[in-house]
Every structure is written in C-alpha cells, then in structure tokens.
Amino acid sequence: MAGGAAVAPAGRRQDYPGGLTPFVFMACMVAATGGLIFGYDIGISGGVTSMDPFLLRFFPSVYRKQAEAADGGNQYCKFDSQLLTLFTSSLYVAALVASLFAASVTRAAGRKWSMFYGGLTFLAGCVLNGAAMNVTMLILGRVLLGIGVGFANQSVPVYLSEMAPARMRGMLNNGFQLMITLGILFANLINYGTDRIAGGWGWRLSLAFAAVPAAIITIGSVFLPDTPNSLLERGRPEEARRMLRRLRGTDDVSAEYDDLVAAGEVSRAVSRPWRDILHRKHRPQLVMAVAIPLFQQLTGINVIMFYAPVLFKTLGFGGSASLMSAVITGLVNLASTLVSVFTVDRVGRRALLLEGGAQMLAGQVAVGTLIGAKFGWSGVATIPAGYAAVVVVVMCAYVAGFAWSWGPLGWLVPSEVMPLEVRPAGQSITVAVNMLMTFAVAQAFLPMLCRLKFVLFFFFAACVVVMTLFVAFFLPETKGVPIEDMAGVWKAHWYWKRFVDDGEDADGKGDVEMGTVV
C-alpha cells in the first residue's frame, strides 16, 4: 500500500509526510463505484423473483406454489425451486471463476484495467437480462454479470488499499462496501417502483437499469491513475515516484517510496504467486483470505439481502409491502455502513467485528424465535401487522450489526494483510471463496428454509458464535499499519508468530506444505 505510517522496530508508528489529498479521495470514490454493480445485483435479484409477472413468465411452478400457499399452504416452501435459485446463484459461480483469471490481469495490466474489463462484461450481461425471452437468456446474462463482478471485486479493494494513507485506509476501503449498500438500496427502490408498472413488464427495467452502475465504473476506470505499487510491480519506478508525490501532495516521499521499492523488488522476484502464497511464512494471510469471506457469508446476511422481499412475502407481507420492507432494511444497511466508514480507523477492526458479532447473534436468535413462535413446524399461519413490524425491526438490528462490522471489514481485512508479491493472488482467493459461499448459501437457502423451518436462523446464529471466537483469538489489530510493515503484526501475535518467525528454511523458500491451521 502506498502510504500512511511507518512501524518502528519497537512498535512505535511514525507518520509519513503528506496525507489525504483531493486527488486520492476522488480516485478512491470513482474506484469504489465498482461496488455498485455488486450491490445492485444483490438487491435486484431478490426483488424481481418476488414479482408475479416475472415468476409467471419464467418460473410458473413457483407461481403456482405461491398461489397454493396463499390459500393456507406451507409458507416455508412456496419459493423452493432449484431453477429459481440457479437464476440467483449462477452469477456467483461465474464470479468465482473470473476472479481467478482477474489476478493475472490485475498484476500484468494494473488494477484499473481489471475494473474496466469487469464493467464492460457486466454491461453485456445487462443487455441480455433486460431483453430475456427465456430462462436460458436470463442465466447466460447472469453469467456475464458474474464475470464482471469477479473482476471488479478482485481489483477494487486492492486499489483502494494501495491508494490510501495507512491511517485512513479503513475509511477509504470501506467506500467499496458503502457503494455495495448504495447499490442494494437503489435496486430496492427501483424494484418498488417497477413493480407498480401496469402491464407486468417492470421487471425488465429492474434488470436493465443495472447498466447504469456498470457504465459508471467502466467509464470511470479509464480515467483512474495507476497505484504506485502497481507501477513498481511492472518496472516503472520513476512513474511510481511521481505518482506518489501527487497522491501525498508533497515532494518529501523518500521514506515511503523506499518502503514501496523494497516491497516491489520482492514482488518482481516472485514469478509464481499462486505457489508462493502457500509458503509457510504466508500462512496467516492465506488463512485470513479464506476464513474472512467464508465467515462473512455464514453470517446469513445474503439470505436477508438476496431474499428480503421473498422472505417478507413468506412471512405474510403483500407483494408491495415486502418490497418496501426490503427498502427499509436497505436504508438501515446504508446508514450503518457509514458508521463503519467513520469509526474503523478510530476504534479498530477487532472492536467492530466483536460488537457486530454479538449484535448479529442476538438478531438471528430473535428472528428464529419470532418466526418459530408464529409459524411453528407446519408453516401455516397468518401474521398480524404489529407482529410483522417487530420482525422487520429485529431484522434491521441484525443488518445494522453486519453493516458496520463483517460487511465492510470482510473486504478490508483480507486486502490489507497481503504482502505485495502475492496480493493479487490473495485477493482472488478472497473473492473466489466469497463467491463460492455466496453461491452455496443462495442455492441452499430456500430448500433449507423449506426443510429446517425457523431452525435455519439458529444455524446461522451458531456460525456467528464460531466466527466471533475466531476474531477474538486469531485476528490481530491492523489499524494504522502500512501493508509493507504488516509482517510485524503477525510476528507479535501469540499464535501466528510461529509461522512468521520460522517461516523460511535455509534456502530462503517457504514451506509449501499445508499443515493444520489451528
């Protein structure tokens, strides 16, 4: 990362000259709009799958089951369809595969061009989805959207971490999650409006409007500057020095530049980053690249955000009421993400993750209890307006806990702990795990809801307990530490120091043997 503060051997932090310039702020805001395409898709897919005209055209069996449930049938199972969940989750399989290829593009061509390719592919998917005449066109469009999401999610967090001063890295990197929440909110509002269009074609607008955020990141990325890290990695030291001066707003960048050069030399010496990331000395970072996104999806948040309209409809809300409830949770998500943006560099990563974990645990237990008390095992019941309002309030409390903890920090922490030589590969692993788990949760949720009923929410509550304990014992605090000096954090940790201190053998190469982590 290009910036911020140096960590002296004794552990004292000394700020580099310069700070947050308007140039850096604008570049980070433009890059962060890559999160809009991901957020818009999360919000839009759950909305259109709750619209009757969309279901009647593409998923008539689900439409029939929904009608049967309205006549007193099982509320838990009315949306249980593998074809319907494939529509939602196919994007994430494509994103998983694309993120692995994106690492090579990000390293060879630079972060900005990876964003550009992602936005362009996403635009093509928008055209197919908006004009879809059958399920095949829908799913093919979703695959193209997934490729775009894979490239954007791989490159944007890395770009933000490298551009920002270390003492403000959390705030600027969280701009990515802020844009995701904005995308979700915009999608929910658009769904609410298009659902009211007479003639039953509003879903086409919902899907086609994804082209707006795609155009923003595609055009914006063309004008973005390269990061100093990327320039050094590609053998352009003078350009990197000039860029660093412009980013920091001062000519006194020698100390920071020297740190970047040292990291860049190590990076250029690594010809096989996918193999090097398996070295013993990188074990802590590899564990975080896998565990953090895995746990992020096991919070159950995408169950709420994907299927909020469907879930609220299952709870007895009418069609428009369910979409409005999704708008409400989207607003809470946005406001709570702003809390993280302005506190993460003050209170630190661990405090937010631990508090958010406790809040999400309480929320999942409360939602499971409320749904179980009303629907029981039969899934046959009507829900009064007052009771429904309580469910929405509890879900909003849960969303708030996620939005200022695991939401933004699930992207920030993996992107900031990786050394430069394996950073693109590490971020690709993070995105791949995130997309794999997102696919698994999206594909499994509706069948699991049908079979486990309200117990499903207690399952996610148990997962929250495990991930909160993981943070408490295994995640060190990284607030204010430059990426180039992150090794000192692992050396000081009670568990990870055993991998970093003796992580290299006599020939200077790490042990690629993947032993037990804990």
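## Aromatic pairs

Phe 499 is buried, with a relative accessible area of 4%, where buried denotes under 20%, exposed over 50% and partly exposed in between (1.4 Å probe, protein chains only). The structure is a predicted model, in which local features need pLDDT of at least 70, side-chain atom pairs count only at pLDDT 80 or more, and totals for chains, interfaces and linings use all residues. Residues are numbered from 1 along each chain as its sequence is written, and side-chain values use heavy atoms, with hydrogens and water left out.

Rings of Phe, Tyr and Trp (its six-membered ring) are paired if their centres lie within 6.5 Å, with planes under 30 degrees apart taken as stacked, over 60 as edge-to-face and the rest as tilted. The count by this rule is 24 aromatic pairs. In one of them, Phe 54 and Trp 203 have ring centres 5.5 Å apart and planes at 65°, so the pair is edge-to-face. Phe 54 belongs to helix α3 (residues 52-58) and Trp 203 to helix α9 (residues 202-208), so that the pair links parts of the chain 149 residues apart; helices (H or I, at least four residues) are DSSP runs numbered from the N terminus. Both partners are buried, Phe 54 at 0% relative accessible area and Trp 203 at 3%.

Trp 496 and Phe 499 form a tilted pair, at 5.8 Å centre to centre and 45° between the planes. Trp 496 is buried, at 0% relative accessibility. Both rings belong to a cluster linked by ring pairs, which also includes Phe 295, Trp 406 and Tyr 495.

## Nonpolar cores

A nonpolar core is a set of buried Ala, Val, Leu, Ile, Met, Phe, Trp, Tyr and Cys residues joined through side-chain atoms within 4.5 Å. The largest such core has 84 residues, and those touching the most other members are Phe 38, Phe 54, Phe 58, Phe 59, Phe 122 and Met 435. Helix α7 (residues 135-163) gives the most to this core, with 10 residues. A second, separate core has 42 residues, among them Val 287, Val 344, Met 486 and Val 489.

With neighbours within four places in sequence left aside, Phe 54 is in contact with residues including Phe 59, Phe 87, Leu 138, Trp 203 and Leu 207; contact denotes heavy atoms within 4.5 Å.

## Salt bridges

A salt bridge is a side-chain nitrogen of Lys or Arg within 4 Å of a carboxyl oxygen of Asp or Glu. The whole structure holds 10 salt bridges. One of these joins Asp 41 and Arg 142 at 2.4 Å, N to O. Asp 41 is in helix α2 (residues 34-48) and Arg 142 in helix α7, so the bridge ties together parts 101 residues apart in sequence. Asp 41 and Arg 142 are both buried.

Arg 111 and Glu 233 form another, with the closest N and O atoms 3.0 Å apart. This pair links helix α6 (residues 111-130) to helix α11 (residues 228-233), across 122 residues.

## Charges over rings

A charge sits over a ring if NZ of Lys or CZ of Arg is within 6 Å of the ring centre and within 35 degrees of the ring normal. For Arg 241 over the ring of Tyr 257, the distance is 4.0 Å.

Terms used
Helices (H or I, at least four residues) and strands (E, at least two) are DSSP runs, numbered from the N terminus.
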